[in-house]
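Hi,

Here is the structure I promised. Please open it and read my notes beside it.

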Amino acid sequence: IYSVAYSLASVITIFQSSVEQVLQPYRFQKLEEKNYKAIFVTTNQILIVFAVIILLFVVMAPEVIRLLFSQDYYEARWTIPAVSASVFFMFIYTCFVNVEAYFEKTKYVMAASSICAITNIILNYIGIKIYGYIVCGYTTLFSYILFAILHYFFLRRVLSEEKINEAPYDIKFILMTSIIFLALILGLVAIYDYFYVRIIIFSLIVFIAVINRKRLICLFRNINKKY
């Protein structure tokens with residue numbers, strides 16, 4: 001049942017990976033040019049886009065499960081919000097890792113991966129015994145949040161070692177967006193049994209996205225042009 005939820009959430013992961021393939025060379029070029037402000041602005045915009053896409057997916061996930069699988073798998077809907085939200089923090093930590101990779105400080109990736117892997121195993125060992133398999137989604141989310149936090153501190157160390165005073169990322173904006181995003185995800189879980197409320201929320205998000213479609217299209221076009 002958990003694998004069903006994880007497989008559905010992997011749709012978001014594929015999108016994240018596709019966008020990252022575009023953003024990585026773009027960031028490398030801007031780092032080469034020492035144009036940190038461009039990375040700063042673009043990352044903030046993409047972060048909002050990811051948050052909206054994940055929220056849309058989470059809102060309608062119960063209906064997707066009901067449509068594609070039998071009633072036996074419907075319980076998997078409770079895991080999808082946490083697993084999907086993990087992709088949001090996956091994007092954040094890759095932003096930091098790109099800078100570490102550019103300056104060839106890959107030792108930090110191994111350190112963060114080891115810490116988070118051990119943390120995930122311990123949390124699963126304890127959590128599954130108490131709450132069952134559904135807790136796996138939330139331990140995964142926690143691990144990716146920890147991963148992002150660790151890489152933020154590693155990023156600061158790399159910038160200090162390279163004597164770069166201008167931050168390529170708006171940490172305050174990322175933190176604020178992350179808190180709001182998590183609050184919205186938890187809020188959606190609370191209304192998962194209210195179909196019509198979720199339909200209204202879905203329609204509202206789509207309406208806002210349609211209104212701002214030109215900005216979104218220009219954002220991705222500009223990224224492609226700039227590198």
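The lining of the second largest pocket has 13 nonpolar residues, one polar and no charged ones. Nonpolar covers Ala, Val, Leu, Ile, Met, Phe, Trp, Tyr, Cys and Pro; Asp, Glu, Lys and Arg are charged; the others, Gly among them, are polar. This is a predicted model: local features need pLDDT of at least 70, side-chain atom pairs count only at pLDDT 80 or more, and totals for chains, interfaces and linings use all residues. Residues are numbered from 1 along each chain as its sequence is written, and side-chain values use heavy atoms, without hydrogens and water.

The second largest pocket holds about 260 Å³ of space. Of its 14 lining residues, Ala-148, Ile-149, Ile-174, Leu-175 and Ser-178 are the closest to its centre. (A pocket is an open set of points on a 1 Å grid where a 1.4 Å probe fits, with protein on both sides within 12 Å along at least five of seven lines; lining residues have an atom within 4 Å of a point. The volume is the space filled by probe spheres set on the points.)

Which helix gives the most to this lining? It is α6, with six residues. Helices α3 (80-102), α5 (135-161) and α6 (171-190) each supply at least two. (Helices are DSSP runs of H or I, at least four residues, numbered from the N terminus.)

Now look at Asn-98, in helix α3. Asn-98 counts as buried because its relative accessibility is 3% (buried means under 20%, with a 1.4 Å probe and protein chains only). Beyond its neighbours within four places in sequence, Asn-98 contacts Glu-20, Gln-24, Arg-27 and Phe-28 (heavy atoms within 4.5 Å).

Best wishes

Technical notes. Buried means under 20% relative accessible area, exposed over 50%, partly exposed in between (1.4 Å probe, protein chains only).
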